[in-house]
Amino acid sequence: MAKMKVYTMEEVEDRFIGKKGTPEREKFDAEYEEFLIGETIKQARKNKQLTQEQLGELIGVKKSRISKIENGENLSFGAVLRIFRAMGISAKLQLENIGEMPLC
(Lines give C-alpha, C1' and ligand atoms only; values in the text may rest on other atoms or scores of the structure.)
Protein backbone atom coordinates (compact mmCIF):
# COMPACT_ATOMS: atom_id res chain seq x y z
CA MET A 1 0.00 0.00 0.00
CA ALA A 2 1.33 3.42 -0.94
CA LYS A 3 2.15 5.81 1.84
CA MET A 4 -0.10 8.88 1.89
CA LYS A 5 1.39 12.34 2.21
CA VAL A 6 -0.02 14.30 5.14
CA TYR A 7 -0.18 18.09 4.88
CA THR A 8 -0.38 20.62 7.66
CA MET A 9 -3.21 23.14 7.66
CA GLU A 10 -0.67 25.88 6.97
CA GLU A 11 0.56 24.03 3.88
CA VAL A 12 -3.00 23.63 2.61
CA GLU A 13 -3.78 27.31 3.23
CA ASP A 14 -0.57 28.40 1.50
CA ARG A 15 -1.33 26.25 -1.53
CA PHE A 16 -5.03 27.00 -1.99
CA ILE A 17 -5.42 30.49 -0.49
CA GLY A 18 -1.97 31.99 -0.84
CA LYS A 19 1.09 32.41 1.29
CA LYS A 20 0.96 34.77 4.26
CA GLY A 21 1.69 38.32 3.22
CA THR A 22 0.28 37.96 -0.29
CA PRO A 23 -2.72 40.09 -1.27
CA GLU A 24 -4.88 36.99 -1.77
CA ARG A 25 -4.12 35.68 1.71
CA GLU A 26 -4.58 39.09 3.35
CA LYS A 27 -7.99 39.42 1.68
CA PHE A 28 -9.02 35.91 2.74
CA ASP A 29 -7.88 36.47 6.35
CA ALA A 30 -9.75 39.79 6.57
CA GLU A 31 -12.95 38.27 5.18
CA TYR A 32 -12.67 35.32 7.56
CA GLU A 33 -12.24 37.63 10.56
CA GLU A 34 -15.29 39.64 9.47
CA PHE A 35 -17.25 36.39 9.12
CA LEU A 36 -16.27 35.40 12.68
CA ILE A 37 -17.34 38.78 14.07
CA GLY A 38 -20.67 38.48 12.25
CA GLU A 39 -21.23 34.97 13.60
CA THR A 40 -20.40 36.16 17.13
CA ILE A 41 -22.96 38.95 16.82
CA LYS A 42 -25.57 36.53 15.45
CA GLN A 43 -25.05 34.07 18.31
CA ALA A 44 -25.17 36.85 20.91
CA ARG A 45 -28.39 38.20 19.38
CA LYS A 46 -29.97 34.74 19.42
CA ASN A 47 -28.85 34.17 23.02
CA LYS A 48 -30.58 37.43 23.95
CA GLN A 49 -33.67 36.17 22.05
CA LEU A 50 -33.72 39.18 19.76
CA THR A 51 -34.73 39.24 16.12
CA GLN A 52 -32.65 41.11 13.59
CA GLU A 53 -35.42 43.68 13.42
CA GLN A 54 -35.42 44.18 17.21
CA LEU A 55 -31.64 44.57 17.32
CA GLY A 56 -31.83 47.03 14.44
CA GLU A 57 -34.36 49.10 16.36
CA LEU A 58 -32.08 49.15 19.40
CA ILE A 59 -29.23 50.71 17.43
CA GLY A 60 -31.24 52.69 14.90
CA VAL A 61 -30.70 50.70 11.71
CA LYS A 62 -32.87 48.50 9.50
CA LYS A 63 -33.07 44.72 9.69
CA SER A 64 -31.19 44.48 6.38
CA ARG A 65 -28.18 46.23 7.94
CA ILE A 66 -28.13 43.74 10.83
CA SER A 67 -28.31 40.90 8.30
CA LYS A 68 -25.33 42.29 6.41
CA ILE A 69 -23.34 42.73 9.62
CA GLU A 70 -24.09 39.16 10.68
CA ASN A 71 -22.88 38.01 7.26
CA GLY A 72 -19.61 39.88 7.73
CA GLU A 73 -20.46 42.58 5.21
CA ASN A 74 -20.01 46.32 5.67
CA LEU A 75 -18.68 45.89 9.19
CA SER A 76 -17.57 48.99 11.01
CA PHE A 77 -15.96 49.19 14.41
CA GLY A 78 -18.58 51.71 15.54
CA ALA A 79 -21.49 49.47 14.49
CA VAL A 80 -20.01 46.49 16.33
CA LEU A 81 -19.60 48.58 19.50
CA ARG A 82 -23.18 49.92 19.26
CA ILE A 83 -24.48 46.37 18.88
CA PHE A 84 -22.52 45.11 21.87
CA ARG A 85 -23.67 48.05 24.00
CA ALA A 86 -27.30 47.57 22.94
CA MET A 87 -27.15 43.92 23.98
CA GLY A 88 -25.34 44.68 27.23
CA ILE A 89 -22.21 42.80 26.22
CA SER A 90 -18.90 44.04 27.55
CA ALA A 91 -15.95 43.89 25.20
CA LYS A 92 -12.24 44.51 25.55
CA LEU A 93 -9.58 45.22 22.98
CA GLN A 94 -6.39 43.24 23.52
CA LEU A 95 -3.35 45.06 22.17
CA GLU A 96 -0.07 43.22 21.99
CA ASN A 97 2.62 44.82 24.19
CA ILE A 98 0.08 47.38 25.45
CA GLY A 99 -2.59 45.36 27.24
CA GLU A 100 -6.35 45.38 27.45
CA MET A 101 -8.62 48.34 26.90
CA PRO A 102 -12.34 48.17 27.78
CA LEU A 103 -14.55 49.12 24.82
CA CYS A 104 -18.01 48.83 26.27
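Glu70 counts as buried, at 2% relative accessibility, where buried means under 20% relative accessible area, exposed means over 50% and partly exposed lies in between, with a 1.4 Å probe and protein chains only. This is a predicted model, in which local features need pLDDT of at least 70 and side-chain atom pairs count only at pLDDT 80 or more, while totals for chains, interfaces and linings use all residues. Residues are numbered from 1 along each chain as its sequence is written, and side-chain values use heavy atoms, with hydrogens and water left out.

**Surroundings of Glu70**

- Glu70 is found in helix 4, helices being DSSP runs (H or I) of at least four residues, numbered from the N terminus.
- The side chain of Glu70 makes a polar contact with the side chain of Arg45 at 2.5 Å; such a contact is a pair of N or O atoms within 3.5 Å, of which, within protein, one must be able to donate a hydrogen and the other to accept it, and residues adjacent in sequence count only if both atoms are side-chain atoms.
- Apart from neighbours within four places in sequence, Glu70 is in contact (heavy atoms within 4.5 Å) with Gly38, Glu39, Ile41, Lys42, Arg45 and Gln52.

**Packing of helix 3 and helix 4**

- Helix 3 (residues 52-59) and helix 4 (residues 63-70) pack at an angle of about 105°, with their axes 8 Å apart; the axes are lines fitted to C-alpha atoms over the stretch in contact, and angles run from 0 to 180 degrees between N-to-C directions.
- The two helices are therefore roughly perpendicular to each other, a term that covers angles of 65 to 115 degrees.
- From helix 3, Gln52, Glu53, Leu55, Gly56 and Ile59 meet Lys63, Ile66, Ser67 and Glu70 of helix 4.

**The largest nonpolar core**

- This core, a set of buried Ala, Val, Leu, Ile, Met, Phe, Trp, Tyr and Cys residues joined through side-chain atoms within 4.5 Å, has 15 residues, of which Ile41, Leu55, Ile66, Ile69, Ile83, Phe84 and Met87 touch the most other members.
- Helix 5 supplies the largest share of the core, five residues.
- Ile83, leaving aside its neighbours within four places in sequence, is in contact with Ile41, Leu55, Ile59, Ile66 and Ile69.

**Loop residues with positive phi**

- Gln49, which is not a glycine, has a positive phi of about 55°; Gln49 lies in the loop between helix 2 (23-47) and helix 3 and is exposed, with a relative accessible area of 69%.
- Asn74 has a positive phi near 50°, sits in the loop between helix 4 and helix 5 (77-86) and counts as exposed at 52% relative accessibility.

Conventions. Angles under 35 degrees count as roughly parallel, over 145 as roughly antiparallel, 65 to 115 as roughly perpendicular and the rest as oblique.
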